[in-house]
Amino acid sequence: MNGLSTVLIVVGLFLAGGIYSFVKQGMPKQLIVLLSIGAAMCLVAGVMRLEVWS
């Protein structure tokens, strides 16, 4: 597994966990949407790097 792919996947999962926490705390919807987009981008980029360069 490539180092950058691992970092991207871990960051994406961390952001996904943060989204759940922010929803429970009642944070602004714009922040939750921004974190959701960031998490999705990190996860997709990490998986794509694994598929393309392996």
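A nonpolar core is a set of buried Ala, Val, Leu, Ile, Met, Phe, Trp, Tyr and Cys residues joined through side-chain atoms within 4.5 Å, where buried means under 20% relative accessible area, exposed over 50% and partly exposed in between (1.4 Å probe, protein chains only). The model is predicted, so local features need pLDDT of at least 70 and side-chain atom pairs count only at pLDDT 80 or more, while totals for chains, interfaces and linings use all residues. Residues are numbered from 1 along each chain as its sequence is written, and side-chain values use heavy atoms, with hydrogens and water left out.

Select Leu-15, Ile-19, Ile-32, Leu-35 and Ala-39 to display the largest nonpolar core, which has five residues in all. Two or more of its residues come from each of α1 and α2 (29–53), helices being DSSP runs (H or I, at least four residues) numbered from the N terminus. The most is given by α2, with three residues.

Next, centre on Ile-32. Apart from neighbours within four places in sequence, Ile-32 is in contact (heavy atoms within 4.5 Å) with Ile-19, Phe-22, Val-23 and Met-27.

Then select α1. Its 23 residues reach 33 Å from first C-alpha to last, close to the 33 Å expected at 1.5 Å a residue; the expected span is 1.5 Å times one less than the number of residues. Buried in α1 are Ser-5, Leu-8, Ile-9, Gly-12, Leu-15 and Ile-19. Gly-26 follows α1 and has a positive phi, near 80 degrees.

Finish at Leu-4, which lies in α1 (residues 3–25). Leu-4 is partly exposed, with a relative accessible area of 44%.
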